[in-house]
Amino acid sequence: ETGAGGNSAAVFACAENLHYLNIKPEDILWTPLGDTELGLRDNAPTDSVVSFLYAEAMAEGAQKLKSEILRRVGEYMEKSPEELEIEDGYVFEKVKPENRIGVEWFMLHTDCVPIHIHHARHNVREEAGLPFGAWFADVEVDIETGQVEVTDMVVLNDVGCVMHASGAESHQISGQAMGIGEVLFEELHYDKETGTVLNNNYIDYKMMTMADFPKQITPVLIEEWKGLGKYGAAGMAEGAFTGAG
């Protein structure tokens, strides 16, 4: 799980889109990355659209699953998929709702063949969301020493749709450590004659610590931008700290 909660966003989206099976988040087993015993190998989350793409993939995958369930149960009921619907874990005939079969019963008492859905998609870069944001900071400067201290910050990010609120807010807060650190603390020093890095260690390369962190950071999530896909979410990862930097 990454700091922004991409895995959690995927589980929430999966449960939401499998509502026709009455699935809850606690019913879902999320296979850890690289677990080849329980799941397929996947790529590592490495950019701003992890939560967005995971959730969109869940929406599209859930629709494929629904179609396959209707096809299989339709054969058993001798009905076409167009004549059937699924709700609360039951497949029923649209014109005669009392004619129904539980999906769980069907999977356990017929051929017991698991349903495997494979879904792959690329992000449509031309229509993907951009992480708009605004940063406001109170700064104290010692005019004698030049020391700068950030005492208070308000961080706003327009993410289109919040996929995982607590994860996104914690990412907004923690992202300021990188932004402020780049500006006020971190700097590489080189030997002018040889080009050798002189402070390539954790003693001489100064990094921000908890003692240097602003006393107050207020994260604000905005849902105005609407983009591609069912949720209309935009990426935020790198965008959480760019304003501070």
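**Charged pairs and their surroundings**

A: K79 has a relative accessible area of 26% and is therefore partly exposed (buried means under 20% relative accessible area, exposed over 50%, and partly exposed in between, with a 1.4 Å probe and protein chains only). E93, at 8%, is buried. These two residues form a salt bridge in which the closest N and O atoms are 3.4 Å apart; the term denotes a side-chain nitrogen of Lys or Arg within 4 Å of a carboxyl oxygen of Asp or Glu. K79 belongs to the loop between α2 and β1 and E93 to strand β2 (residues 90–93), so the contact ties together parts that are 14 residues apart in sequence. Helices (H or I, at least four residues) and strands (E, at least two) are DSSP runs numbered from the N terminus.

The model is predicted: local features need pLDDT of at least 70 and side-chain atom pairs count only at pLDDT 80 or more, whereas totals for chains, interfaces and linings use all residues. Residues are numbered from 1 along each chain as its sequence is written, and side-chain values use heavy atoms, with hydrogens and water left out.

Under the salt-bridge rule the count is six. One of them joins the side chains of E85 and K66, with 2.9 Å from N to O. Since E85 lies in strand β1 (residues 84–87) and K66 in helix α2 (residues 50–77), this pair ties together parts that are 19 residues apart in sequence. E85 is partly exposed at 25% relative accessibility, while K66 is buried at 18%.

An open sheet of three strands has the order β1-β2-β3, with antiparallel pairing (two strands pair if DSSP finds at least two bridges between them). β1 and β3 (100–102) stand at the edges with a single partner strand each, so one side of each has no neighbour in the sheet. From one strand to the next the twist averages 20°. Three bridges pair β2 with β3 in the antiparallel sense, and F92 has R100 in β3 as its bridge partner. Helix α2 packs on this sheet and touches β1, β2 and β3, its direction making about 120° with that of β1. Here contact means heavy atoms within 4.5 Å; axes are lines fitted to C-alpha atoms, for helices over the stretch in contact, and angles run from 0 to 180 degrees between N-to-C directions.

A further salt bridge joins K215 to E149, the closest N and O atoms being 2.9 Å apart. This pair links distant parts of the chain, 66 residues apart: K215 is in the loop between α4 (165–184) and β6 (216–222), and E149 is in strand β5 (residues 148–158). K215 is exposed at 65%, and E149 is partly exposed at 33%.

Strand β5 is antiparallel to β4 (residues 132–141), to which 10 bridges join it; D138 is paired there with D152 in β5. Seven bridges join β5 to β6, which run parallel, and V155 stands opposite P219 in β6.
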